[in-house]
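Hi everyone, thanks for coming. Let me put the model up, and then we can walk through a few spots together.

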Amino acid sequence: GTWVADILDERKIPYIGSDSRTMRAMIDKFETHEILAAADVAVPSHVLLHAGDDVSVVSYPAFVKPICESRSVGISDESVVHNEEELRRRVAFIEKEFDEPALVEEFLPGDEYTALVLGNGRTRECLPGLVTVEDTHYKNYRILRSDLRGVGLTHISLAGARTEEATVLGDAAAEAMGCLDHVRIDMRVDRAGKLRIIEVNGIPGLKPHKSWAPQIYTLYHGSPQGETEDYRQLIGAIVDAAGRRYGL
């Protein structure tokens, strides 16, 4: 179908954010993985499965999720599968519940990071943060289930020793995907202790104070006037990035 960005491009009307080609790719998590893997950007090993498909290529434990949902929709402890029976049951659930095939990845057991990426090309800035939830809110696995998102339970802090690794990885992912102006890139640590990209968010949340992007911006660019002023500066940076792209 036709997207608003398609119409804006056709009429040469400037807008903020990635073009429709890139947005379509980012919404499809499997396509995102394929584009990044082809560019040698670290992603989990992965396969796209429909109910009834051959699953012999899958190694366990594996992680099963819908390909086109956001905010951890479709993610629960049942997303972690340990054998073919559990895998087939979860793939069938995803297909029935969301009318989508399932993205099946290697399970990444380590910490989760997210990076706010602002600007374009040489002026691009990648600001990574560590995502944590109090252990009492987890069940069997330290994963961000859908019921942990958007309810004030997640905490964003500086990425510490992972800052350089996350920055390089986030910048490479934004470049490979052709992202523009602002995105947020989620990562997790694999069994070997290395970060891998799990998602590129083309429309990251921008609610003042609550969303991850403003929280990350304050961590790196906090002003004496407080978070409200930081938010104004964040929005200004996004608008300025788009304006410079168009020569405005």
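A word on naming: helices (H or I, at least four residues) and strands (E, at least two) are DSSP runs, numbered from the N terminus. This is a predicted model, so local features need pLDDT of at least 70 and side-chain atom pairs count only at pLDDT 80 or more, while totals for chains, interfaces and linings use all residues. Residues are numbered from 1 along each chain as its sequence is written, and side-chain values use heavy atoms, with hydrogens and water left out.

Let's start with Ser76, in the loop that runs between strand E2 (62-66) and strand E3 (80-81). Is Ser76 buried or exposed? Ser76 is buried, with a relative accessible area of 18%; buried means under 20%, exposed over 50%, partly exposed in between, with a 1.4 Å probe and protein chains only. Leaving aside neighbours within four places in sequence, Ser76 is in contact with Arg90, Ile143 and Arg145, where contact means heavy atoms within 4.5 Å.

Now the cavities. On a 1 Å grid over the protein atoms alone, a cavity is a set of points where a 1.4 Å probe fits but cannot get out, and lining residues have an atom within 4 Å of a point. Grid points are joined across faces, edges and corners, and a volume is the space filled by probe spheres set on the points. There are two cavities of 30 Å³ or more.

The largest holds about 60 Å³, and its lining includes Asp111, Tyr138 and Arg188.

How values were computed
On a 1 Å grid over the protein atoms alone, a cavity is a set of points where a 1.4 Å probe fits but cannot get out, and a pocket is an open set with protein on both sides within 12 Å along at least five of seven lines; lining residues have an atom within 4 Å of a point.
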